[in-house]
Amino acid sequence: MSASDSQVSPISTTQASQLILQHYGLKGQLEVLPGEADYNFKFQTDTKAYIFKVSQPGDQAKNLQLQSALLQHLKSKQLPVQLPFPQADLQGHPIVPLQGALAGYFTCLLDWIPGRLLGHLSHHSLELLASIGESCGWLCRGLKDFEHPRAHRSFKWNLPEGGWIKNHREALTEAAHKELFDYFLDLFEQAVEPKLDTLRQQLIYNDANDYNLLVQGPLGQERIGGAVDFGDAVHAPIVCDLAIACAYAAMGKNDPMAAT
């Protein structure tokens, strides 16, 4: 998620600090982070950093429950990828419902994952690119035996549901772009959609973009060491995770095919 996708939080950093003290017994400094669906803060104590997340009412609260459950499941797998595991509040709960003026909102406190955003690196070595696929593979493997009712929701960013984009064709102004749009949409409808039910499916990460993957390691030996933001996780064909990772890896490259 880039900074341009940031939105105004319904609570101030002062209010967020009070909530963290009340529910987690922790004191520290807060910094507003960008987010698309949830409101996010970086919370730094004297000894450790966290992400403090506030969900919007309604479906977002259900999505937060899904994220918490899948991360707790992945914690038991001990994968070689650092993940933002949820921290229990003073009552032992991973998700906290808010009261009063913020009734309907839910919060959680997650581990902060160190590293540099993949999107901030100017050069991606072949070894680094390969580690993107390796990390996604570990996540898929870890989620293979995980099920959750919310994972089967209808979701705009679930690739098999991508046909909604046809209603936005007129947003393209150049004839060449419309031609490409028509070609790939027709290819999707004719060649892909009829075979979707035959593909292996499970809950997938679904969001291996360059602002969700954390790079670790010294210069020249960088690898993906962590992944954050599981808000797009959904039950879908496993190959969709690969497709998303390849799309982001190829973006902005002089030779896109060499990156995948």
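1. Which residues are buried in α5? In α5, the buried residues are Cys240, Asp241, Ile244, Ala245, Ala249 and Ala250. Buried here means under 20% relative accessible area, exposed means over 50%, and partly exposed lies in between, with a 1.4 Å probe and protein chains only. The cover over the buried residues of α5 includes α3, β8 and β11, where contact means heavy atoms within 4.5 Å.

2. A note on the basis of these values. The model is predicted, so local features need pLDDT of at least 70 and side-chain atom pairs count only at pLDDT 80 or more, while totals for chains, interfaces and linings use all residues. Residues are numbered from 1 along each chain as its sequence is written, and side-chain values use heavy atoms, with hydrogens and water left out.

3. The chain as a whole. Its secondary structure comes to five helices and 11 strands; these are DSSP runs numbered from the N terminus, helices being H or I with at least four residues and strands E with at least two. The C-alpha atoms fill a box of roughly 55 × 45 × 40 Å along the principal axes. A compact globule of 260 residues would have a radius of gyration near 18 Å, and the 19 Å of this chain agrees with that. The radius is taken over C-alpha atoms, and the globule rule is 2.2 Å times the number of residues to the power 0.38.

4. Burial, contacts and surface. Of the 260 residues, 45% count as buried. Among contacts between residues at least 6 apart in sequence, 68% join residues at least 24 apart. The chain exposes about 14300 Å², of which carbon and sulfur atoms supply 54%; accessible areas come from the Shrake-Rupley method with a 1.4 Å probe, and for residues only the protein chains shown count as cover.

5. Helix α4. This helix covers residues 175–192, and its 18 residues should span 26 Å at 1.5 Å a residue; the end C-alpha atoms are 25 Å apart, which agrees. The expected span is 1.5 Å times one less than the number of residues. Lys178, Phe181, Leu185 and Phe188 are the buried residues of α4. They cover an arc of only 95 degrees around the axis, which puts them on the same side of α4. The arc is that of the directions from the helix axis to the C-beta atoms. On the face turned away from this buried side are the exposed residues Ala175, Glu179, Tyr183 and Gln190.

6. Helix α5 and what follows. The 12 residues of α5 should span 16 Å, and the end C-alpha atoms are 16 Å apart, which agrees. Gly252 follows α5 and has a positive phi, near 80 degrees. Met257 is found in the segment after α5 (239–250) and counts as exposed, at 66% relative accessibility. Between Met257 and Cys246 there are 9.1 Å in space, C-alpha to C-alpha, although they are 11 residues apart in sequence.

7. Aromatic pairs. The whole structure has five aromatic pairs. Trp157 and Trp164 form an edge-to-face pair, 5.8 Å centre to centre with 80 degrees between the planes. Rings of Phe, Tyr and Trp (its six-membered ring) pair if their centres lie within 6.5 Å; planes under 30 degrees apart count as stacked, over 60 as edge-to-face and the rest as tilted. Trp157 is partly exposed at 39% relative accessibility, and Trp164 is partly exposed at 27%. Tyr205 and Phe230 form a tilted pair, 4.6 Å centre to centre with 40 degrees between the planes. Tyr205 lies in the loop between β8 (201–204) and β9 (213–216), and Phe230 in the loop between β10 (223–227) and β11 (234–237), so the pair ties together parts that are 25 residues apart in sequence. Tyr205 is buried at 1% relative accessibility, and Phe230 is buried at 2%.

8. Asn206, in the loop between β8 and β9, has a positive phi of about 70 degrees although it is not a glycine. Asn206 counts as buried, at 3% relative accessibility. Asp229, in the loop between β10 and β11, has a positive phi near 65 degrees and is likewise not glycine. Asp229 is partly exposed, with a relative accessible area of 27%.

9. Arg153. This residue lies in the loop between α3 (126–143) and α4 and counts as buried, at 11% relative accessibility. Leaving aside residues up to four places away in sequence, Arg153 touches Asn63, Leu66, Glu161, Gly231, Asp232, Ala233 and Val234.
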